[in-house]
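Hi there,

Here is the structure you were waiting for. Have a look at it first, and then read on for my notes.

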Amino acid sequence: MVYAVVRTSGRQEKVEVGSIITVNRVSGDSTGKLQLPAVLLVDGDQVTTDAAALAKVTVTAEVLNDLRGPKIVIQRYKNKTGYKSRQGHRQDLTRLKVTGIK
C-alpha cells in the first residue's frame, strides 16, 4: 500500500492513487494537471520523511472541476444597542484526482 501526505492550500491531505480530494481553489496548467509537494511517503513498511528524498517524489493530480463550498452565515449582534450585522460566505474549492505517486 503506497500513500503520501501532501501539502496543498495550507493544509495536509493523505492521498493514494485514484483518491479524490477537495481543496481550496488551485489552478493547474493548460491540460489541468498539477504537482503537489509531498511531506511524507509510505511505501509498504518503508516511511520516508527526509526532505532530500521527498524532493525526488512527485505526486501528480488532475483538476476534475471547480466548485463552491456550502454557505456559511456570519452574524454579529450587540444587545441593547440595535446593532446587528449579517454576512455570508462561500469558499471557492477545487476537486482533484490523484493520478500518480512516483
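Predicted model: local features only at pLDDT ≥ 70, side-chain atom pairs only at ≥ 80, totals over all residues.

I began with Thr94, which lies in strand S10, residues 92-101. Is Thr94 buried or exposed? Thr94 counts as buried, because its relative accessibility is 0% and the cut-off for buried is under 20%. Its side chain comes to 3.2 Å from the backbone nitrogen of Val26. Setting aside neighbours within four places in sequence, Thr94 is in contact with Ile21, Thr22, Val23, Asn24, Arg25 and Val26, and also with Val63, Asn65, Asp66 and Leu67.

In soluble globular proteins, nonpolar side chains tend to be buried together. Here, the largest nonpolar core has 16 residues, and Val15 and Val59 are those with the most contacts inside it. At least two residues of this core come from each of these strands: S1 (2-8), S3 (20-24), S4 (33-36), S5 (38-43), S7 (59-68) and S10. S10 gives the most, with three residues. If you want to look around Val59, it touches Ala4, Val6, Val15, Leu34, Gln35, Leu36, Ala38, Val98, Gly100 and Ile101, not counting residues up to four places away in sequence.

**Salt bridges**

How many salt bridges does a search of the whole structure find? The search finds four.

One of them joins Arg11 to Glu13, with the closest N and O atoms 3.4 Å apart. Arg11 counts as partly exposed because its relative accessibility is 39%, whereas Glu13 is buried, with a relative accessible area of 19%.

Asp92 takes part in a salt bridge with Arg25, at 4.0 Å from N to O. This pair links distant parts of the chain: Arg25 is in the loop between S3 and S4, Asp92 is in strand S10, and they are 67 residues apart. Arg25 is partly exposed at 40% relative accessibility, and Asp92 is partly exposed as well, with a relative accessible area of 33%.

Asp92 also forms a salt bridge with Arg68, where the closest N and O atoms are 3.2 Å apart. Again the pair links distant parts of the chain, with Arg68 in strand S7 and Asp92 in strand S10, 24 residues apart. Arg68 is partly exposed, with a relative accessible area of 46%.

Which residues are linked in a network of salt bridges? They are Arg25, Asp66, Arg68 and Asp92.

Key
Residues numbered from 1 in each chain as written. Heavy atoms only, no water. Helix = DSSP H or I, 4+ residues; strand = E, 2+ residues; numbered from the N terminus. Buried < 20%, exposed > 50% of the residue type's maximum accessible area, 1.4 Å probe, protein only. Polar contact = N/O pair within 3.5 Å; in protein donor to acceptor, adjacent residues only side chain to side chain. Contact = heavy atoms within 4.5 Å. Core = buried A, V, L, I, M, F, W, Y, C linked by side-chain atoms within 4.5 Å. Salt bridge = Lys/Arg side-chain N within 4 Å of Asp/Glu carboxyl O.
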